[in-house]
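Dear colleague,

I am passing on a structure for you to look over, and below it I have set out what was found.

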Amino acid sequence: MSGTIDGDIAEFTRLHNVLTERFKDYEQRVGRLPPVEVLNEIRYAFRATIELLALRNEKSVGEDEGKQKREAELKARILHALLCAYHDLVDGLVISLPRLLDELREQFPTSSATVAGPRLVEILAHVQEAQRQIADSRGKPEERAGIYKALYDKWFYQLSEDFSFLRAAKLDIAHHHEVAQAEMANQRKQSNLVAWHRFGIQTPLGVLLGLFGREIWEAIKDWW
């Protein structure tokens, strides 16, 4: 096989190694496997690689134009699948991050703003910018490769770091919420005790005043 083919396979190996690293990073930061689309793209790349290896082992006489064309198609399939897997990793974060943000704001509206308010706004801005670039890539096919490279190289690490921060912050936010709820419950309890105390004093006085009139009021008003 030609040097070009060997060079392509070296590039596929490099892409696969980086993808494997990011795959593991995604698992650690997000706490679950990447989207099934990523796994499917890896499977497609592996299948095309097997077909390419089988084709290279075929015996041919001289330059077989059909074989070269088939090799080029398989290489394109491998590259496309690996790049799609990169993209789907970012897509998974772009989808998962807003869900986690919404979950925090719905469950702990006050505590999430108190504990991590500015960072939540920053993370939302990151997601929106990544979404914008993804939308741009679909409308500008001639610029797609450059846009995808920005998504892979910048936004994957930024968004995965954002997700890791939110997972850690969720524990602090939940703790803050529990403490705040306990304090509110204690304040309500104290308010109820004061109310019942006042009710317990004032009710007998009201009855006595109703029965004995102004004389009793004059006797106790200074003390009261």
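What percentage of the 224 residues of the protein chain count as buried? The share is 31%, where buried means under 20% relative accessible area, exposed means over 50%, and partly exposed lies in between (1.4 Å probe, protein chains only).

Please note that this is a predicted model, in which local features need pLDDT of at least 70 and side-chain atom pairs count only at pLDDT 80 or more, while totals for chains, interfaces and linings use all residues. Residues are numbered from 1 along each chain as its sequence is written, and side-chain values use heavy atoms, with hydrogens and water left out.

The protein chain has six helices and zero strands, these being DSSP runs numbered from the N terminus (helices H or I, at least four residues; strands E, at least two). Where contact means heavy atoms within 4.5 Å, 73% of the contacts between residues at least 6 apart in sequence join residues at least 24 apart.

S160, which lies in helix α5 (residues 144–212), counts as buried because its relative accessibility is 0%. Leaving aside residues up to four places away in sequence, S160 touches D25, R29, L93 and W155. With D25 there is also a polar contact, side chain to side chain, at 3.4 Å (a pair of N or O atoms within 3.5 Å; within protein, one must be able to donate a hydrogen and the other to accept it, and residues adjacent in sequence count only if both atoms are side-chain atoms).

L39, by contrast, belongs to helix α2 (residues 36–56) and is partly exposed, because its relative accessible area is 34%.

Best regards
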